[in-house]
Amino acid sequence: MITAQVKTPMSKDDPTDMKVEVIPLPPPELWGELNNAPAAPAAAPAAAPEEEAKVERPEQVLQFSIETREKIVPLLFPFLLDGAEVERVRVRRLTLGDVDRVFASADFTLFDIYGMMTGLSPAVLRGMDDDDAVAVTGACYDFLPRRLKVVPASGETSAGGEATSPTSRPTSTTDQR
């Protein structure tokens, strides 16, 4: 049986006040049949895809006063991308608008999020030297908003409670009976 650990905040003031539940997940062979899309209201007509794309969600670009919202990761193995040499990767924290765009995508992956944070495509991130990719994705993972961080399965955390790998899979355990 595959399970997932779900943490629900219980206080808006105390980030450590969490309710932890372990819930069963359907077997992998049924995942293709799942429809997790929200139900459309019966009275509202569906918007045409062209109209949906035109909906604007204004976002103010802010100048943050602290410098910890981005990190430059120097590469051990620079590479050429579109004719330009990439010697370092800038990783930046996401805004609420960025996270909103992530959730608007029905099939996003962790590498799609990392791509938003670095300006590099998931394919480029996967094509990097492993040591450099681990350094970049590690910096990305450190900057993930709490609600996007994967809750590691038991045994996959460091002494500080952090995931041991920034590319760890979502929380699940498999009962091998």
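**Close-up 1. The largest nonpolar core of this predicted model.** In this view we look at a core of 26 residues, where V91, Y114, M117 and V136 touch the most other members. Helix 5 is the top contributor, giving six residues to the core. As background, nonpolar side chains in soluble globular proteins tend to be buried together.

**Close-up 2. V136 and the residues it touches.** Here we zoom in on one of the core residues that touch the most other members. Leaving aside residues up to four places away in sequence, V136 touches V73, L75, V89, V91, T118, L125 and M128. One of these partners, V91, is also among the core residues with the most contacts to other members.

**Close-up 3. Helix 3 packed against helix 5.** How do you describe a pair of packed helices? By the angle between their axes and the distance between the axes. For helix 3 and helix 5, the angle is about 90 degrees and the axes lie 10 Å apart. An angle from 65 to 115 degrees counts as roughly perpendicular, so helix 3 is roughly perpendicular to helix 5. On the helix 3 side, the contact is made by F111, Y114, M117 and T118, while helix 5 brings in V136, T137, C140, Y141 and F143. Sorted by class, the contact has seven nonpolar residues, two polar ones and no charged ones.

**Close-up 4. M116 and its surroundings.** M116 sits in helix 3. Is M116 buried, partly exposed or exposed? With a relative accessible area of 27%, M116 is partly exposed, because buried means under 20% and exposed means over 50%. Not counting residues up to four places away in sequence, M116 touches R92, L94, D98, R101 and V102. The C-alpha atoms of M116 and V99 are 9.6 Å apart, although the two residues are separated by 17 residues along the chain.

**Close-up 5. Stepping back to the chain behind these views.** The chain has five helices and five strands, and reading along the sequence gives the pattern β-β-α-β-β-α-α-α-α-β. Of its 177 residues, 25% count as buried. The accessible surface of the chain comes to about 13200 Å², with 54% of that belonging to carbon and sulfur atoms. Among contacts between residues at least 6 apart in sequence, 46% join residues at least 24 apart.

Technical notes:
Residues are numbered from 1 along each chain as its sequence is written. This is a predicted model: local features need pLDDT of at least 70, side-chain atom pairs count only at pLDDT 80 or more; totals for chains, interfaces and linings use all residues. Side-chain values use heavy atoms; hydrogens and water are left out. A nonpolar core is a set of buried Ala, Val, Leu, Ile, Met, Phe, Trp, Tyr and Cys residues joined through side-chain atoms within 4.5 Å. Buried means under 20% relative accessible area, exposed over 50%, partly exposed in between (1.4 Å probe, protein chains only). Helices (H or I, at least four residues) and strands (E, at least two) are DSSP runs, numbered from the N terminus. Contact means heavy atoms within 4.5 Å. Accessible areas come from the Shrake-Rupley method with a 1.4 Å probe; for residues, only the protein chains shown count as cover. Axes are lines fitted to C-alpha atoms, for helices over the stretch in contact, and angles run from 0 to 180 degrees between N-to-C directions. Angles under 35 degrees count as roughly parallel, over 145 as roughly antiparallel, 65 to 115 as roughly perpendicular and the rest as oblique. Ala, Val, Leu, Ile, Met, Phe, Trp, Tyr, Cys and Pro count as nonpolar, Asp, Glu, Lys and Arg as charged, and the others, Gly among them, as polar.
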